[in-house]
Amino acid sequence: MSITLDNLSKTFGSYQALEDISLSLTGGELVGLLGPSGSGKTTLLRIIAGLEKADTGRVLFDGKDVTNMPVQQRKVGFVFQQYALFRHMTVFDNVGFGLRMLPRHERPDRAARKARIMELLELVQLEQLAKRYPAQLSGGQRQRVALARALAVNPSVLLLDEPFGALDAKVRKELRRWLRRLHEQIPVTSVFVTHDQEEAMEVSDQVVVMSQGRIEQIGAPRQVYEEPASRFVFDFLGHINALAGQCNLACADSGGRPRWENGVAWLALPDSGCPSGELTFYMRPHEAQLAHSPTDKAHLPVVVEELSVFGATVKLELGAVGWHAHALEVELPRDDFLALGIERRQQLFLRPLRLQSITANGALGPVIDPT
Amino acid sequence: MQTPRSLLQWSLVLLALALTVLLLVLPLVLIFSKALGAGWEMVALNLADSDMRHAIWLTVLAALITVPVNLVFGVLLAWCVTRYEFRGRKFLTTLIDIPFAMSPVVAGLCYLVIYGIESRLGGWLYDHDIQLMFAWPGIVMVTIFVTCPYVARVLIPLMESQGSDEEEAALLLGASGFKTFLYVTLPNIKWALLYGVVITNARAVGEFGAVSVVSGSIRGQTLTLPLHVELLHQDYNTVGAFTAAALLASMAMLTLVLKTIMEWRQQQRITNGNVDHENVEKEAQPQ
């Protein structure tokens, strides 16, 4: 079932939780709503579910307006961060609750209900725990019961609010892979809220990045990572190094060509595209190399402060020498690292491979290739 | 926690025990010994007295009406305060405490002023042959007033800590508002609710101050057990007074036993709810 959101806005008192959200989700996809806390993603999910009412705007399921449809009739499966299992019921009764609540003429008989419940418990691999109470289960098990309970009534839409937020890192990782596989078995349109970029990138077909009640970007995980539509998205997805400095449009040292400068450090810029004045570059840790000498396009002297040689890539923390920058993080392939013979406190030159410019007003500027 | 070791520690414990016996146990024992002092026949005779029977009946009636009314009122209030966000919510929670903070005598007097025959409302009711004050309805009314916070006060912290997630989950699974309350809310607050009922009942049965103002002390008509104790005592009917007092004390102790059992049940539920899951976390992870 496809979900369409049409100009949704919501305020809590004076706080604008959502501002004019329009979004169209294709049926059968697993969509991640990603954003920092307070970005309005949970509010948006609750409006889709019918637990919250938007001040203005419409919600459509398969083109049908459900804005004023009560929550009971929306046929939405919902999984809460804190599980929200019925604590006085066994796992079996929890999963069967939705079936029991069906109107009499739709309700399957006792035997059929039991078969359905056991089928679902098998799906979430908890059939041996049917008689337990939620308090007797681990966090991961509880969340799987919650998922089985939500799926019992064949929901047209499955909504998950930070489903793995209350679990420890290892269980979280296992569960999200498992959710991904489950979605391939039961391809119901699913929306899940998360503030964990890794989780969103790994699980989703589509990622919706939100910030301050607005949608920043919608796209496939690779697309939002590689082609961020705004400074916020660039900043929020993965680590970035910020190189702040001044753009000098006609620098005498470089024969009247534009240059980015910060202390003794400089970068040659293309002839057009960069405005004069304050100019910041964002650089991902893997988008740089190190060398013993500068190039004619990049002169960024650095010193190795920390290095972590664990794994296939070597993580280095660099300090700027003769210019100002926060600790720079660079990841090098192990072979490159060994070839350079890098040691702690060694002076080297940073050679960025790709730089995203950010103009003084915070907008994304052109991408520079300084090699 | 440790066992007392030094002489000082032991004497503290002994002092506490001695005070408990002197202040709590001794009077209680005295009540029963005085009541039974003249033999079982006198107790039976006093219990057979029509005024005594009426007092017992009136006390039970007041409790029978008060408890259900305050049960509904308490659940409603706790629901509103913990499930809805509205202007004046905090103020409402403060208002609930008025009967706690105010002397029951003042409450009785207020009711007398509003519903008494001298007031406009009381006069109008009197013209329509409805007498509230100096009659059993007045007694029930002030008893309800005095005991109304108990159920709400027990439920509010519990319902606040439980949150509304489970109820929302039930609604999402297609349950109506009523079914959600019946199948999800009620089982979760069951023991706290019973506990609230027990203490409401205890206070309703024992209420003296407010009732004495609105009762008018008409023998055999508007005397509840606590008022009857006072009256018998003033009549120098020691056995009668202590028999009535022993009845009240028995009701109180029964309540105490029920309350202890329920508290224990609550405690059990809480510890069961917070089982340490570290050891079960590893088993049965998805493959």
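In chain B, helix α9 passes helix α11 in a right-handed crossing, where right-handed describes a near helix turned clockwise from the far one by less than a right angle. The model is predicted, local features need pLDDT of at least 70, side-chain atom pairs count only at pLDDT 80 or more, and totals for chains, interfaces and linings use all residues. Residues are numbered from 1 along each chain as its sequence is written, chains are lettered from A and ligands numbered from 1 in the order in which they are written, and side-chain values use heavy atoms, with hydrogens and water left out.

The two helices of this crossing span residues 149-162 (α9) and 177-206 (α11) of chain B, and they pack at about 155° with axes 8 Å apart. Here axes are lines fitted to C-alpha atoms, for helices over the stretch in contact, and angles run from 0 to 180 degrees between N-to-C directions. α9(B) and α11(B) are therefore roughly antiparallel, a label for angles over 145 degrees. Among the residues that meet are B:Tyr150, B:Val154 and B:Leu158 from α9(B), and B:Ile189, B:Leu193 and B:Arg203 from α11(B). Contact means heavy atoms within 4.5 Å.

Helix α10 of chain B (residues 165-172) has 6 of its 8 residues buried, so it is largely enclosed by the rest of the structure; buried means under 20% relative accessible area, with a 1.4 Å probe and protein chains only. The buried residues are B:Glu166, B:Glu167, B:Glu168, B:Ala169, B:Ala170 and B:Leu172. Their packing partners come from both chains: α1, β6, α2 and α4 of chain A, and α3 and α11 of chain B. After α10(B) comes B:Gly174, with a positive phi near 100°. Helices (H or I, at least four residues) and strands (E, at least two) are DSSP runs, numbered from the N terminus.

Strand β6(A) also belongs to an open sheet of 6 strands in chain A, ordered β6-β7-β8-β3-β9-β10 with mixed pairing. Its edge strands are β6 (76-79) and β10 (214-219), each pairing on one side only; two strands pair if DSSP finds at least two bridges between them. From one strand to the next, the twist averages 15°. β6(A) and β7(A) (residues 157-161) run parallel and are joined by 4 bridges, with A:Val76 opposite A:Val157.

Elsewhere in chain A, A:Thr280 lies in strand β14 (residues 277-283). With 18% relative accessibility, A:Thr280 counts as buried. Leaving aside neighbours within four places in sequence, the contacts of A:Thr280 include A:Ala242, A:Ala244 and A:Ile358.

Conventions
Parallel < 35°, antiparallel > 145°, perpendicular 65-115°, else oblique. Buried < 20%, exposed > 50% of the residue type's maximum accessible area, 1.4 Å probe, protein only.
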